[in-house]
Amino acid sequence: MAATMSPFSARRRILAIAHHLRAPPTGSSFALRDTQHHEQPATTSSASPAPVRVCVTGAAGQIAYTLLFSIASGHVFGPNQPVALQLLDIPQGAEAMNGVAMELQDCALPLLAEVIQTTNPLVAFKDVDYAILLGAMPRREGMQRKDLLRANVGIFKEQGEALDRVAKKSVKVVVVGNPANTNALICAHYAPSIPSRQFTALTRLDENRAKAQLASRAGVAVENVKNVCIWGNHSNTQFPDVAHGYIVASDREVPVADYVGDKAYLEGEFIKTVAMRGAAIIAARKLSSAMSAAKAVADHVRDWHQGTPDGEFVSMAVISDGNMYGVPPGLVYSFPVVIDKKGKYRIVPGLDVSPFARAKLDATTAELQEEKREALDHIAHQVAAVPAVTAKPATQGTQAAAPAQGSSVSTN
Ligand SMILES: NC(=O)C1=CN([C@@H]2O[C@H](COP(=O)(O)OP(=O)(O)OC[C@H]3O[C@@H](n4cnc5c(N)ncnc54)[C@H](O)[C@@H]3O)[C@@H](O)[C@H]2O)C=CC1
Ligand SMILES: O=C([O-])CC(=O)C(=O)O
(Lines give C-alpha, C1' and ligand atoms only; values in the text may rest on other atoms or scores of the structure.)
(Ligands and ions follow the chains in the order given, each with its own letter.)
Protein backbone atom coordinates (compact mmCIF):
# COMPACT_ATOMS: atom_id res chain seq x y z
CA MET A 1 0.00 0.00 0.00
CA ALA A 2 1.16 3.53 -0.54
CA ALA A 3 1.55 6.18 2.12
CA THR A 4 2.14 9.81 1.33
CA MET A 5 5.21 11.28 3.03
CA SER A 6 5.17 14.83 4.17
CA PRO A 7 7.96 17.01 2.76
CA PHE A 8 9.39 17.03 6.27
CA SER A 9 9.52 13.27 6.66
CA ALA A 10 10.83 12.95 3.09
CA ARG A 11 13.64 15.35 3.98
CA ARG A 12 14.38 13.33 7.13
CA ARG A 13 14.46 10.14 5.11
CA ILE A 14 16.93 11.60 2.65
CA LEU A 15 19.08 12.84 5.54
CA ALA A 16 18.87 9.39 7.12
CA ILE A 17 20.02 7.70 3.95
CA ALA A 18 22.78 10.25 3.49
CA HIS A 19 24.05 9.23 6.91
CA HIS A 20 23.89 5.55 5.95
CA LEU A 21 21.33 4.86 8.62
CA ARG A 22 19.65 1.48 8.54
CA ALA A 23 16.09 1.88 7.35
CA PRO A 24 13.46 -0.85 7.42
CA PRO A 25 12.90 -2.56 4.08
CA THR A 26 9.25 -1.62 4.16
CA GLY A 27 7.46 1.06 6.07
CA SER A 28 8.24 4.69 6.49
CA SER A 29 10.66 5.76 9.16
CA PHE A 30 12.55 8.73 10.40
CA ALA A 31 15.38 8.86 12.86
CA LEU A 32 14.91 11.70 15.29
CA ARG A 33 18.18 10.92 16.88
CA ASP A 34 21.01 9.11 15.14
CA THR A 35 21.25 6.00 17.28
CA GLN A 36 22.87 3.90 14.56
CA HIS A 37 25.65 6.30 13.70
CA HIS A 38 28.87 7.25 15.46
CA GLU A 39 28.10 10.96 15.51
CA GLN A 40 25.92 11.86 18.47
CA PRO A 41 23.71 14.94 18.63
CA ALA A 42 24.96 17.60 21.01
CA THR A 43 22.19 16.79 23.52
CA THR A 44 23.09 13.08 23.78
CA SER A 45 25.62 11.77 26.25
CA SER A 46 27.91 9.08 24.82
CA ALA A 47 26.83 6.82 27.73
CA SER A 48 23.22 6.91 26.57
CA PRO A 49 21.70 3.37 26.50
CA ALA A 50 20.41 1.80 23.28
CA PRO A 51 16.78 2.64 22.63
CA VAL A 52 14.11 0.31 23.92
CA ARG A 53 12.06 -0.82 20.87
CA VAL A 54 8.34 -0.50 21.42
CA CYS A 55 5.66 -1.49 18.95
CA VAL A 56 2.26 0.15 19.38
CA THR A 57 -0.55 -1.22 17.21
CA GLY A 58 -3.69 0.75 16.50
CA ALA A 59 -1.34 3.70 16.29
CA ALA A 60 -3.90 5.90 14.56
CA GLY A 61 -6.52 5.25 17.24
CA GLN A 62 -7.65 7.17 20.25
CA ILE A 63 -5.71 5.34 22.99
CA ALA A 64 -2.47 5.54 21.02
CA TYR A 65 -2.86 9.29 20.63
CA THR A 66 -2.33 9.79 24.36
CA LEU A 67 -0.13 6.77 25.02
CA LEU A 68 2.53 7.55 22.42
CA PHE A 69 3.31 10.90 23.99
CA SER A 70 3.55 9.30 27.40
CA ILE A 71 6.04 6.69 26.15
CA ALA A 72 8.08 9.08 24.04
CA SER A 73 8.39 11.65 26.80
CA GLY A 74 9.99 9.25 29.31
CA HIS A 75 7.07 8.58 31.64
CA VAL A 76 7.18 4.84 31.02
CA PHE A 77 10.80 3.77 30.58
CA GLY A 78 12.39 6.52 32.63
CA PRO A 79 14.02 9.88 32.00
CA ASN A 80 17.32 8.48 30.67
CA GLN A 81 16.04 5.73 28.40
CA PRO A 82 15.77 6.50 24.67
CA VAL A 83 12.82 4.94 22.87
CA ALA A 84 12.30 3.77 19.28
CA LEU A 85 8.63 3.55 18.32
CA GLN A 86 7.38 1.08 15.73
CA LEU A 87 3.82 2.04 14.79
CA LEU A 88 1.34 -0.33 13.17
CA ASP A 89 -2.10 0.29 11.79
CA ILE A 90 -4.15 -1.11 8.93
CA PRO A 91 -3.99 0.51 5.47
CA GLN A 92 -7.17 2.52 6.14
CA GLY A 93 -5.42 4.07 9.14
CA ALA A 94 -2.09 4.74 7.42
CA GLU A 95 -2.67 8.39 6.63
CA ALA A 96 -3.85 9.20 10.16
CA MET A 97 -0.89 7.22 11.54
CA ASN A 98 1.40 9.39 9.44
CA GLY A 99 -0.17 12.45 11.06
CA VAL A 100 0.50 11.00 14.51
CA ALA A 101 4.13 10.33 13.53
CA MET A 102 4.43 13.92 12.33
CA GLU A 103 3.11 15.17 15.65
CA LEU A 104 5.54 12.98 17.55
CA GLN A 105 8.35 14.54 15.55
CA ASP A 106 6.97 18.01 16.24
CA CYS A 107 6.99 17.32 19.99
CA ALA A 108 10.81 17.52 19.75
CA LEU A 109 11.24 14.98 22.52
CA PRO A 110 14.88 14.30 23.41
CA LEU A 111 14.29 10.60 24.24
CA LEU A 112 12.53 9.73 20.99
CA ALA A 113 15.23 8.12 18.86
CA GLU A 114 13.25 6.82 15.90
CA VAL A 115 9.74 6.35 14.59
CA ILE A 116 8.83 3.63 12.09
CA GLN A 117 5.31 3.48 10.70
CA THR A 118 4.02 0.55 8.76
CA THR A 119 0.97 -1.53 7.93
CA ASN A 120 2.98 -4.76 7.96
CA PRO A 121 3.10 -6.61 11.32
CA LEU A 122 6.42 -8.21 10.34
CA VAL A 123 8.01 -4.78 10.12
CA ALA A 124 6.22 -3.44 13.18
CA PHE A 125 7.25 -6.31 15.46
CA LYS A 126 10.82 -6.67 14.18
CA ASP A 127 13.21 -6.94 17.15
CA VAL A 128 10.81 -5.28 19.60
CA ASP A 129 11.30 -5.34 23.36
CA TYR A 130 7.67 -4.43 24.05
CA ALA A 131 4.53 -4.89 21.97
CA ILE A 132 1.49 -2.91 23.05
CA LEU A 133 -1.48 -4.27 21.14
CA LEU A 134 -4.23 -1.66 21.01
CA GLY A 135 -5.33 -2.23 17.41
CA ALA A 136 -8.82 -3.70 17.38
CA MET A 137 -12.43 -2.70 17.04
CA PRO A 138 -13.75 -0.93 20.18
CA ARG A 139 -17.23 -1.61 21.53
CA ARG A 140 -20.14 0.73 21.15
CA GLU A 141 -23.09 1.43 23.43
CA GLY A 142 -25.10 -1.67 24.30
CA MET A 143 -22.30 -4.16 23.52
CA GLN A 144 -20.43 -6.42 25.94
CA ARG A 145 -16.67 -6.68 25.39
CA LYS A 146 -17.03 -10.34 24.50
CA ASP A 147 -19.30 -9.28 21.62
CA LEU A 148 -16.04 -8.13 19.98
CA LEU A 149 -14.51 -11.58 20.12
CA ARG A 150 -15.48 -12.64 16.63
CA ALA A 151 -14.41 -9.31 15.14
CA ASN A 152 -11.07 -9.11 16.91
CA VAL A 153 -9.70 -12.55 17.69
CA GLY A 154 -8.31 -13.07 14.17
CA ILE A 155 -6.14 -9.97 14.62
CA PHE A 156 -4.46 -11.52 17.66
CA LYS A 157 -3.88 -14.83 15.91
CA GLU A 158 -2.16 -13.03 13.04
CA GLN A 159 -0.16 -10.82 15.39
CA GLY A 160 0.88 -13.79 17.55
CA GLU A 161 2.25 -15.47 14.43
CA ALA A 162 4.09 -12.31 13.41
CA LEU A 163 5.56 -11.79 16.90
CA ASP A 164 6.71 -15.40 16.85
CA ARG A 165 8.61 -14.79 13.64
CA VAL A 166 10.30 -11.45 14.18
CA ALA A 167 10.10 -10.12 17.75
CA LYS A 168 12.83 -10.66 20.32
CA LYS A 169 12.19 -13.86 22.27
CA SER A 170 12.25 -11.71 25.40
CA VAL A 171 9.46 -9.44 24.12
CA LYS A 172 6.88 -8.36 26.68
CA VAL A 173 3.39 -8.15 25.24
CA VAL A 174 0.44 -6.17 26.60
CA VAL A 175 -2.93 -6.78 24.98
CA VAL A 176 -5.47 -3.98 25.33
CA GLY A 177 -7.84 -4.66 22.41
CA ASN A 178 -11.00 -6.31 23.71
CA PRO A 179 -11.83 -8.89 24.86
CA ALA A 180 -8.31 -8.35 26.16
CA ASN A 181 -7.72 -11.49 28.26
CA THR A 182 -8.85 -13.92 25.58
CA ASN A 183 -7.08 -12.00 22.81
CA ALA A 184 -3.86 -12.24 24.85
CA LEU A 185 -4.35 -15.98 25.24
CA ILE A 186 -4.85 -16.42 21.49
CA CYS A 187 -1.82 -14.25 20.75
CA ALA A 188 0.34 -16.37 23.07
CA HIS A 189 -1.05 -19.57 21.57
CA TYR A 190 0.09 -18.52 18.09
CA ALA A 191 3.55 -17.47 19.28
CA PRO A 192 4.86 -20.80 20.59
CA SER A 193 8.52 -19.74 20.59
CA ILE A 194 7.84 -16.93 23.08
CA PRO A 195 7.11 -17.95 26.70
CA SER A 196 3.40 -17.52 27.43
CA ARG A 197 4.14 -15.69 30.67
CA GLN A 198 5.36 -12.80 28.52
CA PHE A 199 1.80 -12.22 27.24
CA THR A 200 -0.37 -10.08 29.48
CA ALA A 201 -3.67 -8.22 29.25
CA LEU A 202 -4.57 -4.87 30.73
CA THR A 203 -6.62 -4.79 33.93
CA ARG A 204 -4.76 -1.85 35.41
CA LEU A 205 -7.51 0.48 34.24
CA ASP A 206 -9.96 -1.46 36.42
CA GLU A 207 -7.54 -1.23 39.35
CA ASN A 208 -7.12 2.51 38.84
CA ARG A 209 -10.90 2.92 38.69
CA ALA A 210 -11.30 0.91 41.90
CA LYS A 211 -8.71 3.00 43.73
CA ALA A 212 -10.24 6.25 42.48
CA GLN A 213 -13.71 5.19 43.67
CA LEU A 214 -12.37 4.28 47.11
CA ALA A 215 -10.36 7.49 47.40
CA SER A 216 -13.44 9.50 46.60
CA ARG A 217 -15.61 7.54 49.05
CA ALA A 218 -12.99 7.76 51.84
CA GLY A 219 -12.01 11.36 51.16
CA VAL A 220 -8.30 10.58 50.72
CA ALA A 221 -5.77 11.12 47.95
CA VAL A 222 -5.79 8.28 45.44
CA GLU A 223 -2.10 7.48 45.99
CA ASN A 224 -2.96 6.60 49.58
CA VAL A 225 -5.11 3.66 48.48
CA LYS A 226 -2.86 0.58 48.19
CA ASN A 227 -3.10 -3.09 47.26
CA VAL A 228 -6.60 -3.09 45.85
CA CYS A 229 -6.59 -5.61 43.05
CA ILE A 230 -8.60 -7.05 40.19
CA TRP A 231 -9.14 -10.77 39.71
CA GLY A 232 -10.20 -12.44 36.49
CA ASN A 233 -11.55 -11.00 33.30
CA HIS A 234 -11.59 -7.41 32.04
CA SER A 235 -15.37 -7.60 31.86
CA ASN A 236 -18.45 -7.25 34.01
CA THR A 237 -17.50 -10.45 35.89
CA GLN A 238 -14.20 -9.02 37.14
CA PHE A 239 -13.72 -8.99 40.90
CA PRO A 240 -12.30 -5.74 42.31
CA ASP A 241 -11.04 -6.97 45.70
CA VAL A 242 -10.43 -4.71 48.70
CA ALA A 243 -9.76 -7.49 51.23
CA HIS A 244 -5.98 -6.98 51.15
CA GLY A 245 -6.11 -3.24 50.53
CA TYR A 246 -5.34 -0.48 52.94
CA ILE A 247 -5.54 3.28 53.15
CA VAL A 248 -2.60 5.32 54.38
CA ALA A 249 -3.90 7.93 56.81
CA SER A 250 -1.83 9.88 59.33
CA ASP A 251 1.09 7.49 58.75
CA ARG A 252 -1.07 4.49 59.61
CA GLU A 253 -2.16 1.72 57.28
CA VAL A 254 -5.88 1.14 57.83
CA PRO A 255 -7.64 -1.77 56.07
CA VAL A 256 -9.98 -0.46 53.40
CA ALA A 257 -12.96 -2.25 54.97
CA ASP A 258 -12.33 -0.53 58.34
CA TYR A 259 -11.72 2.87 56.82
CA VAL A 260 -14.78 2.81 54.60
CA GLY A 261 -16.90 1.01 57.23
CA ASP A 262 -19.63 -0.03 54.80
CA LYS A 263 -19.55 -3.71 53.86
CA ALA A 264 -22.73 -3.50 51.82
CA TYR A 265 -21.18 -0.76 49.65
CA LEU A 266 -17.90 -2.63 49.21
CA GLU A 267 -19.63 -5.87 48.22
CA GLY A 268 -22.29 -4.21 46.09
CA GLU A 269 -22.24 -0.74 44.58
CA PHE A 270 -18.46 -0.46 44.60
CA ILE A 271 -17.92 -3.65 42.58
CA LYS A 272 -20.71 -2.79 40.18
CA THR A 273 -19.45 0.75 39.59
CA VAL A 274 -15.93 -0.45 38.77
CA ALA A 275 -17.09 -3.32 36.57
CA MET A 276 -19.54 -1.12 34.65
CA ARG A 277 -17.30 1.93 34.35
CA GLY A 278 -16.33 1.25 30.75
CA ALA A 279 -19.99 1.16 29.74
CA ALA A 280 -20.68 4.37 31.67
CA ILE A 281 -17.86 6.13 29.77
CA ILE A 282 -19.23 4.90 26.45
CA ALA A 283 -22.73 6.08 27.36
CA ALA A 284 -21.38 9.55 28.18
CA ARG A 285 -18.74 9.97 25.46
CA LYS A 286 -20.18 7.76 22.75
CA LEU A 287 -16.63 6.47 22.52
CA SER A 288 -14.80 4.06 24.78
CA SER A 289 -12.34 5.28 27.36
CA ALA A 290 -9.05 6.40 25.91
CA MET A 291 -7.18 8.87 28.15
CA SER A 292 -7.62 6.68 31.22
CA ALA A 293 -6.83 3.56 29.19
CA ALA A 294 -3.59 5.12 27.95
CA LYS A 295 -2.63 6.09 31.51
CA ALA A 296 -3.30 2.53 32.66
CA VAL A 297 -1.18 1.05 29.85
CA ALA A 298 1.63 3.42 30.82
CA ASP A 299 1.32 2.28 34.46
CA HIS A 300 1.32 -1.40 33.43
CA VAL A 301 4.38 -1.14 31.20
CA ARG A 302 6.28 1.18 33.57
CA ASP A 303 5.86 -1.26 36.45
CA TRP A 304 6.74 -4.26 34.27
CA HIS A 305 9.89 -2.46 33.14
CA GLN A 306 10.93 -0.75 36.37
CA GLY A 307 9.34 -2.92 39.09
CA THR A 308 6.62 -2.33 41.67
CA PRO A 309 7.29 -0.33 44.85
CA ASP A 310 8.31 -2.44 47.85
CA GLY A 311 5.31 -3.96 49.63
CA GLU A 312 2.86 -3.01 46.88
CA PHE A 313 1.18 -5.12 44.29
CA VAL A 314 -0.61 -4.31 41.05
CA SER A 315 -3.11 -6.11 38.82
CA MET A 316 -2.02 -7.77 35.60
CA ALA A 317 -3.83 -10.40 33.58
CA VAL A 318 -1.24 -13.16 33.12
CA ILE A 319 -1.20 -16.82 32.20
CA SER A 320 -2.82 -18.76 35.04
CA ASP A 321 -0.45 -21.77 34.84
CA GLY A 322 0.86 -22.73 38.29
CA ASN A 323 -1.20 -20.21 40.30
CA MET A 324 -2.13 -21.09 43.87
CA TYR A 325 -5.67 -19.66 43.81
CA GLY A 326 -7.48 -22.57 42.20
CA VAL A 327 -7.78 -20.90 38.81
CA PRO A 328 -7.40 -23.57 36.12
CA PRO A 329 -4.28 -23.34 33.93
CA GLY A 330 -4.47 -22.08 30.36
CA LEU A 331 -6.34 -18.82 30.94
CA VAL A 332 -5.12 -15.23 30.91
CA TYR A 333 -6.48 -14.14 34.28
CA SER A 334 -5.94 -10.98 36.30
CA PHE A 335 -4.03 -11.55 39.54
CA PRO A 336 -2.23 -9.33 42.01
CA VAL A 337 1.45 -9.41 41.03
CA VAL A 338 4.72 -8.00 42.28
CA ILE A 339 7.48 -7.17 39.82
CA ASP A 340 11.20 -7.04 40.59
CA LYS A 341 13.63 -4.43 39.32
CA LYS A 342 14.63 -6.76 36.44
CA GLY A 343 11.05 -6.89 35.20
CA LYS A 344 10.20 -10.38 36.43
CA TYR A 345 6.70 -10.66 37.84
CA ARG A 346 5.20 -13.23 40.19
CA ILE A 347 1.68 -13.74 41.39
CA VAL A 348 1.40 -12.61 45.02
CA PRO A 349 1.27 -15.81 47.10
CA GLY A 350 -0.76 -16.64 50.21
CA LEU A 351 -3.64 -14.16 50.09
CA ASP A 352 -6.78 -15.28 51.91
CA VAL A 353 -9.76 -16.01 49.66
CA SER A 354 -13.07 -15.67 51.52
CA PRO A 355 -16.16 -17.62 50.43
CA PHE A 356 -17.49 -14.35 48.93
CA ALA A 357 -14.27 -13.90 46.93
CA ARG A 358 -14.21 -17.59 45.92
CA ALA A 359 -17.61 -17.29 44.26
CA LYS A 360 -16.44 -14.19 42.38
CA LEU A 361 -13.19 -15.84 41.26
CA ASP A 362 -15.11 -18.86 40.01
CA ALA A 363 -17.69 -16.79 38.11
CA THR A 364 -15.06 -14.86 36.19
CA THR A 365 -13.14 -18.12 35.55
CA ALA A 366 -16.26 -19.63 33.98
CA GLU A 367 -16.62 -16.65 31.66
CA LEU A 368 -12.98 -16.87 30.55
CA GLN A 369 -13.33 -20.58 29.87
CA GLU A 370 -16.38 -19.86 27.74
CA GLU A 371 -14.55 -17.09 25.83
CA LYS A 372 -11.57 -19.38 25.23
CA ARG A 373 -13.84 -22.11 23.81
CA GLU A 374 -15.61 -19.60 21.58
CA ALA A 375 -12.34 -18.04 20.35
CA LEU A 376 -10.74 -21.36 19.46
CA ASP A 377 -13.94 -22.55 17.85
CA HIS A 378 -14.24 -19.35 15.82
CA ILE A 379 -10.62 -19.56 14.65
CA ALA A 380 -11.08 -23.21 13.69
CA HIS A 381 -14.04 -22.25 11.50
CA GLN A 382 -12.57 -19.05 10.12
CA VAL A 383 -8.97 -19.99 9.39
CA ALA A 384 -9.50 -19.58 5.67
CA ALA A 385 -11.03 -16.13 6.17
CA VAL A 386 -8.26 -14.77 8.42
CA PRO A 387 -5.54 -13.11 6.34
CA ALA A 388 -2.34 -15.09 6.78
CA VAL A 389 1.03 -13.45 7.45
CA THR A 390 2.72 -14.08 4.14
CA ALA A 391 5.32 -11.37 3.70
CA LYS A 392 8.94 -12.21 4.41
CA PRO A 393 10.34 -10.92 7.70
CA ALA A 394 12.32 -7.71 7.51
CA THR A 395 16.03 -8.39 7.19
CA GLN A 396 18.38 -6.29 9.24
CA GLY A 397 20.71 -4.15 7.23
CA THR A 398 18.52 -3.99 4.13
CA GLN A 399 18.14 -0.42 2.99
CA ALA A 400 14.96 1.09 1.70
CA ALA A 401 15.10 2.70 -1.72
CA ALA A 402 15.31 6.47 -1.53
CA PRO A 403 11.95 7.97 -2.43
CA ALA A 404 11.77 10.95 -4.75
CA GLN A 405 11.25 14.06 -2.66
CA GLY A 406 7.60 14.70 -1.91
CA SER A 407 6.52 11.52 -3.68
CA SER A 408 4.57 8.58 -2.39
CA VAL A 409 6.49 5.63 -1.01
CA SER A 410 5.30 2.09 -1.04
CA THR A 411 5.26 0.96 2.55
CA ASN A 412 4.27 -2.66 1.94
N1 LIG B 1 -8.29 -3.42 28.27
C2 LIG B 1 -8.75 -2.20 28.54
O3 LIG B 1 -8.74 -1.76 29.68
C4 LIG B 1 -9.28 -1.32 27.44
C5 LIG B 1 -9.39 -1.80 26.16
N6 LIG B 1 -9.85 -0.99 25.15
C7 LIG B 1 -9.87 -1.57 23.80
O8 LIG B 1 -8.73 -1.08 23.09
C9 LIG B 1 -8.98 -1.16 21.70
C10 LIG B 1 -8.56 0.13 21.01
O11 LIG B 1 -9.33 1.19 21.46
P12 LIG B 1 -9.27 2.63 20.76
O13 LIG B 1 -7.88 3.11 20.58
O14 LIG B 1 -10.23 3.49 21.50
O15 LIG B 1 -9.90 2.28 19.33
P16 LIG B 1 -9.86 3.14 17.99
O17 LIG B 1 -10.96 2.62 17.13
O18 LIG B 1 -9.78 4.60 18.27
O19 LIG B 1 -8.46 2.71 17.38
C20 LIG B 1 -8.20 1.40 16.98
C21 LIG B 1 -7.15 1.47 15.90
O22 LIG B 1 -6.75 0.14 15.63
C23 LIG B 1 -6.58 0.03 14.24
N24 LIG B 1 -6.63 -1.36 13.86
C25 LIG B 1 -7.70 -2.15 13.61
N26 LIG B 1 -7.29 -3.38 13.26
C27 LIG B 1 -5.96 -3.38 13.33
C28 LIG B 1 -4.97 -4.36 13.07
N29 LIG B 1 -5.28 -5.60 12.64
N30 LIG B 1 -3.67 -4.03 13.21
C31 LIG B 1 -3.33 -2.79 13.60
N32 LIG B 1 -4.22 -1.80 13.84
C33 LIG B 1 -5.52 -2.11 13.72
C34 LIG B 1 -7.69 0.90 13.65
O35 LIG B 1 -7.42 1.26 12.30
C36 LIG B 1 -7.63 2.09 14.59
O37 LIG B 1 -6.71 3.08 14.14
C38 LIG B 1 -10.47 -1.51 21.56
O39 LIG B 1 -10.59 -2.90 21.34
C40 LIG B 1 -11.03 -1.16 22.93
O41 LIG B 1 -12.18 -1.89 23.21
C42 LIG B 1 -10.22 0.31 25.38
C43 LIG B 1 -10.12 0.82 26.66
C44 LIG B 1 -9.68 0.04 27.78
O1 LIG C 1 -15.51 -0.45 27.89
C2 LIG C 1 -14.88 -0.63 26.84
O3 LIG C 1 -15.30 -1.23 25.87
C4 LIG C 1 -13.48 -0.12 26.80
C5 LIG C 1 -12.84 -0.72 27.98
O6 LIG C 1 -12.43 -1.86 27.95
C7 LIG C 1 -12.93 0.01 29.24
O8 LIG C 1 -13.15 1.23 29.26
O9 LIG C 1 -12.76 -0.62 30.28
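Which backbone nitrogen lies 2.9 Å from a polar atom of the side chain of T118? It is the backbone nitrogen of N120. T118 itself sits in strand β5, residues 112-118. T118 is buried, at a relative accessible area of 1%. Buried here means under 20% relative accessible area, with over 50% called exposed and the range between partly exposed, using a 1.4 Å probe and protein chains only. Strands (E, at least two residues) and helices (H or I, at least four) are DSSP runs numbered from the N terminus.

This is a predicted model, in which local features need pLDDT of at least 70 and side-chain atom pairs pLDDT 80 or more, while totals for chains, interfaces and linings use all residues. Residues are numbered from 1 along each chain as written, chains are lettered from A and ligands numbered from 1 in written order, and side-chain values use heavy atoms, without hydrogens or water.

Turn now to ligand 1. The shell around ligand 1 has 24 residues, and Q62, D89, M137, V176 and N178 come nearest. A residue counts as near if one of its heavy atoms lies within 4 Å. By class, this shell holds 13 nonpolar, 10 polar and one charged residues. Ala, Val, Leu, Ile, Met, Phe, Trp, Tyr, Cys and Pro count as nonpolar, Asp, Glu, Lys and Arg as charged, and the others, Gly among them, as polar.

Polar contacts come next. The term covers a pair of N or O atoms within 3.5 Å; within protein, one must be able to donate a hydrogen and the other to accept it, and residues adjacent in sequence count only if both atoms are side-chain atoms. A polar backbone atom of V176 is 3.3 Å from a nitrogen atom of ligand 1. For G58, a polar backbone atom is 3.5 Å from a nitrogen atom of the ligand. H234 uses its side chain: an N or O atom there is 3.2 Å from an oxygen atom of ligand 1. Alone, ligand 1 exposes 870 Å², and the protein buries 87% of that. These areas come from the Shrake-Rupley method with a 1.4 Å probe; for residues, only the protein chains shown count as cover. Helices α2 (62-72) and α5 (149-166) are the elements giving two or more residues to the shell. Ligand 1 lies between domain 1 (14-31 + 50-201) and domain 2 (204-370), because both give residues to its shell. The domain bounds come from an automatic or database assignment.

Ligand 2 also has H234 in its shell, along with residues including R139, R145, N178 and S289. An oxygen atom of ligand 2 is 2.6 Å from a side-chain N or O atom of H234. Two nonpolar, five polar and three charged residues make up the shell. Domain 1 and domain 2 each give at least three.

Last, some backbone details. N178, from the ligand 2 shell, is joined to P179 by a cis peptide bond, with omega about -5°. P179 lies in the loop between β7 (172-175) and α6 (180-189). N227 is not a glycine, yet its phi is positive, near 55°. N227 lies in the loop between β9 (225-226) and β10 (229-231), and is buried at 6% relative accessible area.
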